[in-house]
Amino acid sequence: MTTPTIIELAITVGQQLQRKGWLLATAESCTGGGIAQAITEIAGSTGWFDCGFVTYSNASKTEMLDVPAALMAQLGSVSEEVAAAMASGALAASNAHVAVSVTGIAGPTGAVPGKPVGTVCFGWADGSQVRTERLVFPGDRQAVREQTVIHALRGLLRFIN
């Protein structure tokens, strides 16, 4: 079995969201909008994609997504709790029914004790529940970002099904 490409995953996400009549919002940090870019590569994505937030700085996470500054001060911006708040904030600030969020350390710098380069936290929210996950991906900056987009889309498929 071959691994689906990012575009193939985005197409499948779109089909599932259309089937449910749902809109998606993204809240991205380490991917810099890569998830939204993959989604908007798909013709017709306007029917199931509402908006994307690229909240690279902590201040933007607070201002755009209402992530508590105290939460980031306590746990760091790369934490499952912040990913959950980002996903919930994207839902609240959009017309979406479901949201995906990512926050991580793509490298080559930025590692801190307990959070090596490649650490990424994910959030998926639909208004009634939020799921999170923390993974550490190998490779350089580009590889970490690509793996993050793939995992975010795969996780979204699991979450909405």
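Reader: Which residues lie nearest the centre of the second largest pocket, and how many residues line it?

Author: This is a predicted model. In it, Ser29, Cys30, Tyr56, Gly104 and Ile105 lie nearest the centre of the second largest pocket, and 15 residues line it. Two elements, helix 3 (58-65) and strand 3 (98-104), each give two or more residues to that lining.

Reader: How do the residues of that lining divide into nonpolar, polar and charged?

Author: Five are nonpolar, eight are polar and two are charged. The volume of the second largest pocket is about 180 Å³.

Reader: What shows where empty space is left?

Author: A probe the size of a water molecule is rolled over the atoms, and this shows where empty space is left. Here the largest pocket comes to about 210 Å³. It has 13 lining residues, with Ile6, Gly34, Gln37, Glu146 and Val149 nearest the centre.

Reader: Which element gives the most to the lining of the largest pocket?

Author: Helix 6 does, with four residues. At least two residues each come from helix 1 (6-20), helix 2 and helix 6 (141-160). By type, the lining of the largest pocket has four nonpolar, six polar and three charged residues.

Reader: What does arginine 141 touch, not counting residues up to four places away in sequence?

Author: Arginine 141 touches Tyr56, Ala106 and Gly107. With tyrosine 56 there is a polar contact between the side chains, at 2.9 Å. Tyrosine 56 is also one of the residues nearest the centre of the second largest pocket. For distance along the chain against distance in space, take arginine 141 and proline 108: they are 33 residues apart in sequence, and their C-alpha atoms are 6.2 Å apart.

Reader: Where does serine 79 lie, and with which residues is it in contact beyond its neighbours within four places in sequence?

Author: Serine 79 lies in the loop between helix 4 (69-75) and helix 5. Its contacts, leaving those neighbours aside, are Thr103 and Cys121. Its relative accessibility is 6%, so serine 79 counts as buried. From serine 79 to glycine 104 there are 25 residues in sequence and 8.1 Å in space, C-alpha to C-alpha.

Reader: Which backbone atom lies 3.2 Å from a polar atom of the side chain of serine 79?

Author: The backbone nitrogen of valine 82. Valine 82 belongs to helix 5 and is buried there, along with Ala83, Ala84, Ala85, Met86, Ala87, Gly89, Ala90 and Leu91.

Reader: What span should helix 5 have, and how far apart are its end C-alpha atoms?

Author: The check takes 1.5 Å a residue, so the 13 residues of helix 5 (residues 80-92) should span 18 Å. The end C-alpha atoms are 18 Å apart, which agrees.

Reader: Last, is serine 45 buried or exposed, and where does it lie?

Author: Serine 45 is buried, at 7% relative accessible area. It sits in the loop between helix 2 (34-40) and strand 2 (49-54). Apart from neighbours within four places in sequence, serine 45 is in contact with Ile39 and Thr40. Its side chain reaches the backbone oxygen of isoleucine 39 at 3.4 Å.

Methods. Residues are numbered from 1 along each chain as its sequence is written. This is a predicted model: local features need pLDDT of at least 70, side-chain atom pairs count only at pLDDT 80 or more; totals for chains, interfaces and linings use all residues. Side-chain values use heavy atoms; hydrogens and water are left out. Buried means under 20% relative accessible area, exposed over 50%, partly exposed in between (1.4 Å probe, protein chains only). A polar contact is a pair of N or O atoms within 3.5 Å; within protein, one must be able to donate a hydrogen and the other to accept it, and residues adjacent in sequence count only if both atoms are side-chain atoms. Contact means heavy atoms within 4.5 Å. On a 1 Å grid over the protein atoms alone, a cavity is a set of points where a 1.4 Å probe fits but cannot get out, and a pocket is an open set with protein on both sides within 12 Å along at least five of seven lines; lining residues have an atom within 4 Å of a point. Grid points are joined across faces, edges and corners, and a volume is the space filled by probe spheres set on the points. Ala, Val, Leu, Ile, Met, Phe, Trp, Tyr, Cys and Pro count as nonpolar, Asp, Glu, Lys and Arg as charged, and the others, Gly among them, as polar. The expected span of a helix is 1.5 Å times one less than its number of residues.
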